[in-house]
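Please open the model in your viewer and keep the selection tool at hand. The tour below goes from stop to stop, telling you what to select and what is found there.

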Amino acid sequence: FNPFEDLRQPAERVSLFAQGRRTVATGTSVFAEAFWHQRKSSTQLAPLPFFTTRETDVRVSEDNLYNPFDETLTDVRRRLIEAGPRTFVQDNEAWRFVLGADGTVGGWFWDLSAVHGRNETDQQQTGDLLDSRLRPALGPSFIDSAGNATCGTPTAPIAGCVPLNLFGGAGSITPEMLDYVGATLNDTGYNEQTVFSANISGTPFSLPAGDLALATGVEYREEKAADDPDPQTVLGNTSGSARSRTSGAFDSKEVYLEMGLPLLRDAPGAELLEVDMGMRLVDFSNFGNQTVSEFGFFWQPVATLQFRGAWSEAFRAPNVRELFGGFTQSNPIVEDPCANFSLLSPVAIERCVAQGVPADGSFMQSGEETPQLSGGNRNLAPEEAEILTAGVTWTSAALPELVVNLDFYDIEIDSGIAGL
C-alpha cells in the first residue's frame, strides 16, 4: 500500500441558483438571490499507524496469547493494513438567501439588503480503534475449552472480547479482531451568518477641483458555528485525536463614513490633488467598541508623474473557533534535544543531565510524535494593525508604453492571534 497514492474518491455535487430583479418605481428596484448546494464525497488515508505509546493506559500484557516476549510491552507499533485505508465520507449542504432593494434619488445611490447563509457538514469516519476495547484485547487472554481465543483469565473471562494479535505479521489481524476493537465515528458541524446592511453614496455638491464624494452605511452581522464530534472522540477513547465540542456565536454593529475631497485641478504644480478620508466604528458583542481610520492622497504634479500615499488602521476580529474552540489533540513531530549529546554544547548537556537525562548520553527518544492540546479563548481581543503605503509612477513622454512604478509599504500588527 502506498500512503502517498491519490485516494480521493469521485464526489457527487448538486447546485441550484436563482436570482431576480424588478423595477418597482422610477429609480427603485428590488432583488433576490437563492442558492443551494450539496456535495457528497469521500477521502481516504493510509491504514492506521497504531502506537501503544499514543494511547491511554494501553499495554500488551505479558499474559496476552500473542505476546512472544513474556513481558508487558509499553511501546508497540504496527500499521493495521488488514483494516484497509481509513475513510471519511462527507455530506455537505449549503444555502444562501439574499433579499434587498436599491435605487437612486437626486444623484445619490442607496441599497438595503438582508443575507442569510448556512453550511452544514456530516462526516462518517472509519479506521480508528477504541481504547476501551484495546485494553482487554491486549490484556491477558487464553484458549478456552472450546479452543477459542478468549480475553481475560480462565476464572474471569471477558464476554464478547476478541484478543488482538499485533505480532503475527501481515494478515494476522482477523476481521473478528477488527470488528471488536474498531469504531465508526460520526461528526457534525455548521457555520451560519446573517447580515443586514444599508448604504448610501453620492456627490452632494461640486468644488472648484471637482465633485465631493461621500459614502456612509450601517451593518449588523451575526456569526454562529458549532463542531460536534462523535462522543467517543470527545471522551478521548479513540486511537485518533481527541476533540471536544465547539459552539459559539457573536454579533457586530458597524457604521462608516468615507469622503473623497478634490483640492486642486489644472493648477500650477498640481494637475490633480485629492485626499480620501474614512472612519469606521464597530461594536462587537464579545470585545466591545473598535474605531479604525484611514487617510490617503493622490498628487499628479505633471502629466507624467504621480504620487500616492495612504495611512490606515485595521483590525481582525477573532472567529468562532478562535473564541470558543474546544480542546483539540494533535500529535506533532517533536525532536528531544537531549537525545543526541554529540550535537549539544557542554552547557546544553549540563542542562539535560540536570533534568534527569543519563550523563553517559545513552538516552534515546522513543517515537517522535508528542500529544499537544490547543483550543479557543473567549477573552481574545482583535488583532490590530497600522498600514502605511506610498508610491510613485512615472510615464515616459517619449515612450508612453514605458511606465515605472515604485511602491513602499509598512504593516505593523499588534496582538496577533495564534495557537498556543
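Begin by selecting Glu384, Glu386, Asp410, Glu412 and Asp414, which gather in a patch of negative charge on the surface. Here Asp and Glu count as negative, Lys and Arg as positive, while His and the chain ends are not counted. A patch takes residues with over 30% relative accessible area and no salt bridge, joining like charges within 9 Å and nonpolar side chains (Val, Leu, Ile, Met, Phe, Trp, Tyr) within 5 Å. A salt bridge is a side-chain nitrogen of Lys or Arg within 4 Å of a carboxyl oxygen of Asp or Glu, and accessible areas come from the Shrake-Rupley method with a 1.4 Å probe, where for residues only the protein chains shown count as cover.

This is a predicted model, in which local features need pLDDT of at least 70 and side-chain atom pairs count only at pLDDT 80 or more, whereas totals for chains, interfaces and linings use all residues. Residues are numbered from 1 along each chain as its sequence is written, and side-chain values use heavy atoms, with hydrogens and water left out.

Next, colour strand 20 (383-395) and strand 21 (403-414), each of which supplies at least two residues of the negative patch; strands are DSSP runs (E, at least two residues) numbered from the N terminus. Strand 21 gives the largest share, 3 residues, and Glu412 lies in this strand. Glu412 is partly exposed, at a relative accessible area of 48%, the term covering values between buried (under 20%) and exposed (over 50%).

For the next stop, select Phe295, Phe297, Trp299, Trp311, Leu388 and Phe408, a nonpolar surface patch with about 540 Å² of accessible area together. Strand 16 (residues 288-302) contributes the largest share of the nonpolar patch, 3 residues, while Trp311 sits in strand 17 (residues 305-316) and is partly exposed, with a relative accessible area of 32%.

From strand 16, step back to strand 15, which pairs with strand 16 in the antiparallel sense over 13 bridges; two strands pair if DSSP finds at least two bridges between them. A hairpin of 3 residues joins strand 15 to strand 16, and Glu274 stands opposite Phe298 in strand 16. Strand 15 (residues 270-284) also pairs with strand 14 (residues 246-267), antiparallel over 14 bridges. In their hairpin, which has 2 residues between the strands, Gly269 takes a positive phi near 75°.

Finally, select the open sheet of 3 strands, antiparallel and in the order 7-8-9. Its edge strands are strand 7 (141-143) and strand 9 (156-157), each pairing on one side only.

Note on methods. The place of a charge is taken as NZ of Lys, CZ of Arg, CG of Asp or CD of Glu. Helices (H or I, at least four residues) and strands (E, at least two) are DSSP runs, numbered from the N terminus. Buried means under 20% relative accessible area, exposed over 50%, partly exposed in between (1.4 Å probe, protein chains only).
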